[in-house]
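Here is a short report for a reader meeting this structure for the first time. Take a look at the model, then read on.

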Amino acid sequence: MTTDNGLIIINLGSSIVTYAILIGLAALGWRKGFRYMLSIAVFITIGYLLTVQGGNFVVGLLNRFYSNGPKLVAFALGRDPVTVDALPPLIPDNFQAPLLLRVLVFVALLAVGIAYAWPWEGSPLKPNDKAQNMRLLGLLAGLYIGVLGISAASSFWEAAPESLNQGGLISSALTGLPNYASVIPSMIGAFLILLIVIILLRFNRVWKA
């Protein structure tokens, strides 16, 4: 928008941030190809299902393993687990700690998908390569990654304590992100079907670099 003194101010809470993320990831997918984007798409899907769709599933799972750790050790040593006291939960049941763990798990899984070179990735497409089908699938994968990432960020921000919203550009940008939770289950289903079809059609080349 434009102020009275002629200065142009871009509202980062508007849809411009969403469009920039989606266009940027779609362009990256077109440039790098589907093989490169696949690992990111797979791990962001796992991260979304565990930390966003699954709510506090990761928190409860970690707490159960930690609390019952002494009983498991006692059972492995041949002792009676009933005689051993369980530990208090590792992640306290407050407003911040479970959300922080979910965010960290999501970011860690996304980082694994980005940083680790999986066998199916091969070499990213070069600008002069004519693999249009791989570029188109890469573009779609980029949009898929963008939608899941935006929705995850929006969900985490909505669940964050009000004290974190101190105003400013970052808070405005996060507050303005849309949440596509209503369509994401269908998108994940379509993505899984696509993977199954590709594996069936290209089974002999799935692991070829």
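At what angle do helix α2 and helix α8 pack, and how far apart are their axes? Helix α2 covers residues 34-53 and helix α8 covers residues 184-201. The two pack at an angle of about 135 degrees. Their axes are 12 Å apart. That angle makes α2 oblique to α8. The crossing of α2 and α8 is left-handed.

The model is predicted.

## The contact of α2 with α8

From α2 come Phe34, Leu38, Ala41, Val42, Thr45, Tyr48 and Leu49. They meet Ile184, Ile188, Phe191, Leu194, Leu195 and Ile198 in α8. By class, this contact of α2 with α8 has twelve nonpolar residues, one polar residue and no charged ones.

## The chain as a whole

The chain holds eight helices and zero strands. Read from the N terminus, its elements run α-α-α-α-α-α-α-α. The chain has 209 residues, and buried residues make up 30% of them.

## Packing around α6

Helix α6 spans residues 132-159. It packs with α8 at an angle of about 145 degrees. Helix α6 also packs with α5, at an angle of about 165 degrees. Helix α5 spans residues 97-115.

| Helix pair | Angle | Axes apart |
|---|---|---|
| α2 and α8 | about 135 degrees | 12 Å |
| α6 and α8 | about 145 degrees | 11 Å |
| α5 and α6 | about 165 degrees | 10 Å |

How does α5 run relative to α6? Their angle of about 165 degrees makes α5 roughly antiparallel to α6. The crossing of α5 with α6 is left-handed. In this contact, Leu99, Arg102, Val103 and Phe106 of α5 meet Ala152, Phe156 and Ala159 of α6. By class, there are six nonpolar residues, no polar ones and one charged.

Now to the other partner of α6. Helix α6 passes α8 in a left-handed crossing. Leu137, Tyr144, Val147, Leu148 and Ser151 make the contact from the α6 side. Ile184, Met187, Ile188, Phe191, Leu194 and Ile198 make it from the α8 side. The residues of this contact divide into ten nonpolar, one polar and no charged.

## Aromatic pairs

How many aromatic pairs does the structure hold? It holds two. In one of them, the rings of phenylalanine 106 and phenylalanine 156 have their centres 5.8 Å apart. Their planes stand at 75 degrees, so the pair is edge-to-face. Phenylalanine 106 sits in helix α5 and phenylalanine 156 in helix α6. The two are 50 residues apart, and the pair links distant parts of the chain. Phenylalanine 106 is buried, with a relative accessible area of 7%. Phenylalanine 156 is buried as well, with a relative accessible area of 9%.

Tyrosine 144 and phenylalanine 191 also form an aromatic pair, and this one is stacked. The distance is 4.6 Å centre to centre, with 20 degrees between the planes. Tyrosine 144 lies in helix α6 and phenylalanine 191 in helix α8, so the pair ties together parts that are 47 residues apart in sequence. Phenylalanine 191 is buried, with a relative accessible area of 7%.

Valine 52 lies in helix α2. Its relative accessibility is 14%, so valine 52 counts as buried, the limit being under 20%. Which residues does valine 52 contact, leaving aside its neighbours within four places in sequence? They are Gly47, Arg102, Ala152, Ser155 and Phe156. Valine 52 and leucine 148 are 96 residues apart in sequence. In space they are 9.9 Å apart, C-alpha to C-alpha.

Threonine 18 lies in helix α1, which covers residues 15-32. At 4% relative accessibility, threonine 18 counts as buried too. Not counting residues up to four places away in sequence, threonine 18 touches Ile150, Leu177, Pro178 and Tyr180.

Technical notes. Residues are numbered from 1 along each chain as its sequence is written. This is a predicted model: local features need pLDDT of at least 70, side-chain atom pairs count only at pLDDT 80 or more; totals for chains, interfaces and linings use all residues. Side-chain values use heavy atoms; hydrogens and water are left out. Axes are lines fitted to C-alpha atoms, for helices over the stretch in contact, and angles run from 0 to 180 degrees between N-to-C directions. Helices (H or I, at least four residues) and strands (E, at least two) are DSSP runs, numbered from the N terminus. Angles under 35 degrees count as roughly parallel, over 145 as roughly antiparallel, 65 to 115 as roughly perpendicular and the rest as oblique. A crossing is left-handed if the near helix is turned anticlockwise from the far one by less than a right angle, and right-handed if clockwise. Contact means heavy atoms within 4.5 Å. Ala, Val, Leu, Ile, Met, Phe, Trp, Tyr, Cys and Pro count as nonpolar, Asp, Glu, Lys and Arg as charged, and the others, Gly among them, as polar. Rings of Phe, Tyr and Trp (its six-membered ring) pair if their centres lie within 6.5 Å; planes under 30 degrees apart count as stacked, over 60 as edge-to-face and the rest as tilted. Buried means under 20% relative accessible area, exposed over 50%, partly exposed in between (1.4 Å probe, protein chains only).
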